[in-house]
Amino acid sequence: MKFVFGTVVFLMSVLTFAQEASELSIPPNGDEERAEVSQWVGPVRISIEYHSPRVHHPPTNDRTGHIWGELVHYGFFDEGFGPTKAAPWRAGANESTSITLSHDVKVEGKDLKAGTYALFLDIEKSGPWYWVFSNHLGWGSFQYDQKDDALRVPVTPQDAPFTEFLTYGFDERHPDSAVAFLQWEKRRIPFKIEVANVNELYVAKMRQDLQSWAGFQYQDWQTAAQFCADNKINLEEALTWADKAISAPFRGATVGHEDFSTLGTKAAVLEAMGREADADAVVQKALHLPGTDAFSVYVYAMGLLRSGKNSKALEIFIINQQQHPEEKFWTHLGLARGYAAVGDKKNAIVHWENVLRNVPANMSNRTAAFEEVLKKLKESS
């Protein structure tokens with residue numbers, strides 16, 4: 001019987017090892033399925049790959065209350081396997097949990113280079129827990145060595161709703177940051193990832209794109225220049241891009257387009273550079289171009305309103321009506337908004353009344369909102 005028992009243990013060990021070393025596609029050890037989650041922060045891609053254990057394993061065995069500090073050990077622990085005698089938790093099951101960053105980022109305010117790292121977690125009885133980013137992927141944490149640490153950051157574990165399967169995710173997503181988290185049983189362990197130079201990365205990608213097929217479209221040069229103007233970044237090059245949109249993006253291959261829109265973008269770049277007189281001259285040229293339509297001028301002036309340039313916006317709205325006396329909706333809508341913005345309620349009311357008399361059929365769903373604005377103006381006059 002001793003021989004039989006020893007044989008069974010040996011065979012189980014061999015099968016477990018064979019599964020871990022196998023190059024065949026077979027179910028993962030313990031049915032702890034492989035998972036992956038990705039999140040973009042601007043042009044930066046962040047991916048986490050892991051194996052996901054569950055609280056009830058097997059289904060009849062409820063391990064609630066026995067995960068943290070028991071199944072997942074405190075501190076650095078000698079697993080009795082592999083070269084390390086002080087291993088953190090692999091932050092998942094089976095193989096090493098890994099995180100891949102397409103660009104340099106900040107994790108909890110500390111710099112971390114682009115690349116793929118093993119992701120470990122050091123949990124403690126008291127005080128902060130620590131996320132550990134290791135340059136050595138290894139297998140699990142059995143080959144962990146502190147000298148391979150790229151970064152350690154302290155975080156505070158949080159209480160969370162019960163989660164059966166260990167799960168990674170991202171929330172608190174913003175244009176330049178996101179919070180990654182591990183959630184399992186009744187704990188959530190977050191770490192914030194920030195992209196400090198997200199707009200610079202966008203500009204670098206645009207610069208690259210404009211040297212390929214995108215560069216054959218004048219609209220793409222305009223879009224890139226407008227992005228820089230809006231974000232007050234890379235303005236000298238943006239002015240070149242704006243000129244290319246107007247004149248010749250790719251000589252002999254495609255032509256630019258001088259219209260109110262492209263000239264408006266050039267004016268926006270000049271404005272961002274502090275060259276207001278030059279910007280005004282470009283706008284005046286755009287306003288008097290043949291084919292300039294009332295709606296385009298309205299959109300441009302509304303942009304001025306949104307940036308707080310109320311007087312300049314009103315000036316453009318007035319010119320728009322002078323240039324397009326036959327247009328009865330967009331010109332009056334602009335003047336209504338412009339006069340209201342500078343505090344001239346009397347003229348704003350006159351133009352709102354004209355707006356309501358000339359609402360086009362495709363804008364009829366906005367009539368009630370326009371009426372409400374007019375009502376409030378009259379009540380406050």
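Trainee: Let's start with Lys 232: where does it lie?

Mentor: Lys 232 sits in the loop between helix 3 (218–231) and helix 4. Helices (H or I, at least four residues) and strands (E, at least two) are DSSP runs, numbered from the N terminus. Before going on, note that this is a predicted model, where local features need pLDDT of at least 70, side-chain atom pairs count only at pLDDT 80 or more, and totals for chains, interfaces and linings use all residues. Residues are numbered from 1 along each chain as its sequence is written, and side-chain values use heavy atoms, with hydrogens and water left out.

Trainee: Is Lys 232 buried or exposed?

Mentor: Buried means under 20% relative accessible area, exposed over 50%, and partly exposed in between (1.4 Å probe, protein chains only). With 61% relative accessibility, Lys 232 counts as exposed. Its phi is near 50°, a positive value in a residue other than glycine.

Trainee: What about Asn 94: where is it found, and what is its phi?

Mentor: Asn 94 belongs to the loop between strand 2 and strand 3, and its phi is near 55°, again positive in a residue other than glycine. Asn 94 is buried, at a relative accessible area of 9%. That loop between strand 2 and strand 3 also holds Pro 58, which a cis peptide bond joins to His 57, with omega about -10°.

Trainee: Thr 97 is in a loop as well. Which residues is Thr 97 in contact with?

Mentor: Contact means heavy atoms within 4.5 Å. Setting aside neighbours within four places in sequence, Thr 97 is in contact with residues including Ile 48, Tyr 50, Arg 90, Tyr 117, Leu 119 and Tyr 168. Thr 97 lies between strand 2 (44–52) and strand 3 (98–101) and counts as buried, at 0% relative accessibility.

Trainee: On to strands. How do strand 6 and strand 7 pair, and over how many bridges?

Mentor: Two strands pair if DSSP finds at least two bridges between them. Strand 6 (residues 115–122) and strand 7 are antiparallel, with 5 bridges, and Leu 119 faces Phe 133 in strand 7. The two strands form a hairpin with 6 residues between them, where Gly 127 in the turn has a positive phi of about 80°. On to the next pairing: strand 7 and strand 8 (residues 149–155) are antiparallel over 6 bridges, with Leu 151 of strand 8 as the bridge partner of Phe 133. Strand 7 (residues 129–134) is mostly covered, with 5 of its 6 residues buried.

Trainee: In what order do the 4 strands of the open sheet come?

Mentor: The order is 5-4-10-9, and the pairing is antiparallel. Strand 5 (110–112) and strand 9 (158–174) are the edges, each pairing on one side only. Direction ignored, neighbouring strands are turned by 35° against each other on average. Inside this sheet, strand 4 (residues 105–107) and strand 10 (residues 177–194) pair over 2 bridges, and Val 107 stands opposite Ile 193.

Trainee: Now helix packing. At what angle do helix 4 and helix 5 pack?

Mentor: Axes are lines fitted to C-alpha atoms, for helices over the stretch in contact, and angles run from 0 to 180 degrees between N-to-C directions. Helix 4 (residues 235–246) and helix 5 (residues 260–272) pack at about 165°, with axes 9 Å apart. The two are therefore roughly antiparallel (angles under 35 degrees count as roughly parallel, over 145 as roughly antiparallel, 65 to 115 as roughly perpendicular and the rest as oblique). Residues making the contact include Leu 235, Leu 239 and Ile 246 of helix 4 and Leu 263, Val 269 and Leu 270 of helix 5.

Trainee: And how do the residues of that contact of helix 4 with helix 5 divide?

Mentor: Into 10 nonpolar, 1 polar and 2 charged (Ala, Val, Leu, Ile, Met, Phe, Trp, Tyr, Cys and Pro count as nonpolar, Asp, Glu, Lys and Arg as charged, and the others, Gly among them, as polar).

Trainee: At what angle do helix 7 and helix 8 pack?

Mentor: Helix 7 (residues 294–306) meets helix 8 at about 170°, with axes 8 Å apart, so this pair is roughly antiparallel too. The contact residues divide into 11 nonpolar, 2 polar and 1 charged. Ile 316 in helix 8 (residues 310–323) is buried, with a relative accessible area of 3%. Ile 316 touches Val 283, Leu 287, Val 297, Tyr 300, Ala 301 and Leu 304, not counting residues up to four places away in sequence.
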